[in-house]
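This report describes selected side-chain features of one protein model. The structure is shown first, and the description follows.

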Amino acid sequence: MLHLFLSAFSTVLHPSILFLVLLGVGIGIFFGAIPGLSTTMAIALCLPLTFSMNTNMGISLLLGLYIGGFSGGLVAAILLNVPGTAASIATTIDGYPMAKKGYAGKALGLGICSSFVGGMLSICALIFISPALAKIAIRFGSFEYFSLMLFALTMIITMSSKNIIRGIISGFLGILLAMIGGAPIDGIPRLTFGITSLSNGFNLVAVLIGIFAVSELFLYVDEKSEHLVKKIVKKLSFKGFGFSFKEWKQETGNIFRSSAIGVLIGILPGIGGALASMMSYDIARRSSKTPEIFGTGCNQGIVASETANNAAIGGAMIPLLSLGIPGDAVTALLLGAMTMQGLTPGPLLFRNNTSLIYLIFAILITANIFMIVVEFFAIRGFVHVLSLPKHILLPFISLLCIIGAYGLNYRIFDVFTIFLFGILGFFMKKWHFSTQPFIIGYIIGPLAELYLRRGLSYSDNSLIPFFTSPISLFFILASIASIIFVMLKHKKA
């Protein structure tokens, strides 16, 4: 194994490979940081460039984009309260409040270091235990996926500890609005009211931009305050990554737990980093001795979210390389790129092309190192963006939101969507309805329905297989236990 690694790193250290990895990481961070742009979009745009490259160069560019794109999402999440990628949704919960308190540098530093550690731990899992984890993933069918989604939906309650009734209303509103468009399996239109643009529902990224970013713009206008600029620019000077070694050491357990969650969720095809980060954040909050500080700008929340969503990268690569099954949209593009290079990911790739497998490991490690270096030097530039006067900053954010929304599908309807959900988010925040349960319901609700309908079609409309499958039964019981625990805790409080 050692000689394979040495050979792989000797290839990666070639100037052309290093340049392509660095270029990919830089472009990926840019696409991840801009609301509306995404890692998937970056790879899709750069994919044609790899056709004229050899295999090593093409994979270097694409994996650099993958690593940079996932990490870049934390920039907008912390500074603008809009997740640059769906995987950074949970980062906004504590990242943005910390930035508002004047510690934007510290929030960014925690996010960057957590991304790096989560990514490196997931690569270790990819290297040493990928075949075993792939066997776990392949055992998940529709019954198991539905039960997992059911367990994930219990986060609606735990994210609503301050007011459970309002949190449940918010979550069900998200589920209801997510039902607009074609139904899963049969594609029958629902709640479209004859509007053609609603046939595919609302775009998730447009919804996120509206709920998180546009609603904040409306709140600033409504409150007519200068608190954003005054509070954020007071702590522009900081050392290193903005936090102490003691603070980082306190997050050791959180980091390893969040990495494990990210890897395990990442290996499940079609789930992705968004669920990993939200579930990791939720579990960190439940296991904390001071859950009341979550949402106010605490270290634990940022670390849990960013560690998990970057750990999902290595997790998603496990079924791709071990089984030839893409774990998300990005790995689906990587699968296509590898196929066009004459490679067939799967068990035979490990046996017939071991040198390429270790080259991929080496590229992922190198890309992670480039990611933390690039973001370390850029962190002060990120923070200084917020020192812009409000009359310049807010129109700039508005322009980013509009361009990002239009760039999703080149439709004016998506621009209308961000303002529609911006108004909804504005009133939810004014009336103290948490937006986190809404987003959980909007993302996970459709997945739960999809796997429920698939499971019922497999079992001839019988619910029994949902309870006879050990994995499915485990998540159902965990869901019930989670609800009971939260209700008892709420009653006691």
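Leu477 is located in helix α23, where helices (H or I, at least four residues) and strands (E, at least two) are DSSP runs numbered from the N terminus. The model is a predicted one, in which local features need pLDDT of at least 70 and side-chain atom pairs count only at pLDDT 80 or more, while totals for chains, interfaces and linings use all residues. Residues are numbered from 1 along each chain as its sequence is written, and side-chain values use heavy atoms, with hydrogens and water left out.

Together with Leu463, Phe467, Leu473, Ile480, Ile484 and Leu488, Leu477 forms a nonpolar surface patch of about 660 Å² accessible area. Patches consist of residues with over 30% relative accessible area and no salt bridge, with like charges joined within 9 Å and nonpolar side chains (Val, Leu, Ile, Met, Phe, Trp, Tyr) within 5 Å. Accessible areas come from the Shrake-Rupley method with a 1.4 Å probe, and for residues only the protein chains shown count as cover. Helix α23 (residues 470-492) supplies the largest share of the nonpolar patch, five residues.

Side chains of opposite charge can pair when their charged atoms come close. A salt bridge here is a side-chain nitrogen of Lys or Arg within 4 Å of a carboxyl oxygen of Asp or Glu. The count comes to five salt bridges, including the following.

| Glu247 | Lys106 | 2.6 Å |

Glu449 in helix α21 (residues 435-458) and Arg190 in strand β2 (residues 189-190) link distant parts of the chain, 259 residues apart. Arg190 is buried, with a relative accessible area of 18%. A network of salt bridges links Arg190, Glu449 and Arg453.

In the remaining tabulated pair, Asp414 counts as buried at 0% relative accessibility, whereas Arg411, at 26%, counts as partly exposed.

Thr91 belongs to helix α5 (residues 91-100) and is buried at 0% relative accessibility. Its side chain makes a polar contact with that of Glu306 at 2.6 Å. A polar contact is a pair of N or O atoms within 3.5 Å; within protein, one must be able to donate a hydrogen and the other to accept it, and residues adjacent in sequence count only if both atoms are side-chain atoms. Leaving aside residues up to four places away in sequence, Thr91 touches Leu74, Ala77, Ile78, Tyr96, Ser305, Glu306 and Asn309, contact meaning heavy atoms within 4.5 Å.

Technical notes
Buried means under 20% relative accessible area, exposed over 50%, partly exposed in between (1.4 Å probe, protein chains only).
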